[in-house]
Amino acid sequence: TRLVSDWSSDVCSSDLSRVSITALTEWWAEMGVGVDTALVEVLLKVSPAAEEKKPAKTETPAAAAPVRRKGAKTVSDWANEARAKAAAATTLDALAEAIRGFEGSPLKASCEQAVVSDGVFGASLMVIGEGPGAEEDRRGLPFVGKAGQLLDKMLAAIGRSRAENALITNVNYWRPPGNRNPEADELAVCRPFVDRMIELSKPKLIVAAGGVPAVSLLASKDGIMKLRGNEYAYATPGGYNVPLIPILHPAYLLRRPQDKSRAWRDLLLVEKRLAELGG
């Protein structure tokens, strides 16, 4: 399998269409291969073949246009609405329904469903990932693709599973187009629900799986390589305090298995801290 940087010159001189390139990059993402979506867009813009195959505006269906928020509400307005709906939820089931009914994410109209959580409500360990991919979007469950299978093996190595003693969720509940990283406003409108799920589930320890959830939750300028392997204090707006440990995302480990030794050390830290916390 070749990364985007390996085939950039091929794209510019090939007969690949935008549709085929998009399908290829999505397939790569499913296989856990890193895809630089920004670079793909640049290549498509400079590719003569892509330009020649671009349909006329009159032939493009309205549904293909990027979906943006309706009305005059701002990100702040939607975040406030999310905060009110989250606060009104007194159970995790009610919170899940509030998330599914929320209209404030511009991603909602372009995916199949909200992917809220999987596992045991009230478990001592909560794993928070980035957001759903294609397989998660189809099934409505987080971490069920190849990266999810690896996560399950990682958890099993320290005596944890989503079936018995772990709860898995995300910082973003709707799949971004092409599996790109969620943008700041997309994370902002989900954040009140994330915090409320923590408050209702009351985990003894949170694992942030990957750079996006780690940086978002900790409001850090550091990347995952600096954040991983350390414990941080996390506090929700409602006053629930819980330790948080960032780890490498399983999809990253599929691309770079040589870093599994680092992941193993992080898992041992998680196991040790859960034991100390009585979890």
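## A hairpin to start with

In the hairpin made by strand 5 and strand 6, five residues sit between the strands, and glycine 239 takes a positive phi near 95°. The two strands run antiparallel, with four bridges joining strand 5 (residues 232–235) to strand 6 (residues 241–247). Strands count as paired here if DSSP finds at least two bridges between them. Look for tyrosine 232, which stands opposite leucine 244 in strand 6.

## What you're looking at

This is a predicted model, where local features need pLDDT of at least 70 and side-chain atom pairs count only at pLDDT 80 or more, while totals for chains, interfaces and linings use all residues. Residues are numbered from 1 along each chain as its sequence is written, and side-chain values use heavy atoms, with hydrogens and water left out.

The protein has 13 helices and six strands; these are DSSP runs numbered from the N terminus, helices (H or I) having at least four residues and strands (E) at least two. Of its 279 residues, 46% are buried. Buried means under 20% relative accessible area, exposed means over 50%, and partly exposed is in between (1.4 Å probe, protein chains only).

## Helix 6 and its two sides

Which residues of helix 6 (residues 92–101) are buried? They are Leu92, Leu95, Ala96, Ala98 and Ile99. Because they cover an arc of only 160° around the axis, they end up on the same side of helix 6. That arc is taken from the directions from the helix axis to the C-beta atoms.

Asp93 and Glu97 are exposed, on the face turned away from the buried side of helix 6. The cover over its buried residues includes helix 5 (75–88) and helix 9 (184–201).

## The nonpolar core

The largest nonpolar core has 59 residues, and Leu125, Trp174 and Phe193 touch the most other members. Helix 9 gives the most to this core, with seven residues. A nonpolar core is a set of buried Ala, Val, Leu, Ile, Met, Phe, Trp, Tyr and Cys residues joined through side-chain atoms within 4.5 Å.

Leaving out residues up to four places away in sequence, leucine 125 touches several residues, including Leu155, Leu205 and Val270. Contact means heavy atoms within 4.5 Å.

## Leucine 267

Leucine 267 is found in helix 13 (residues 260–276). Is leucine 267 buried or exposed? It is buried, with a relative accessible area of 7%. Leaving aside neighbours within four places in sequence, leucine 267 is in contact with Met154 and Ile158.
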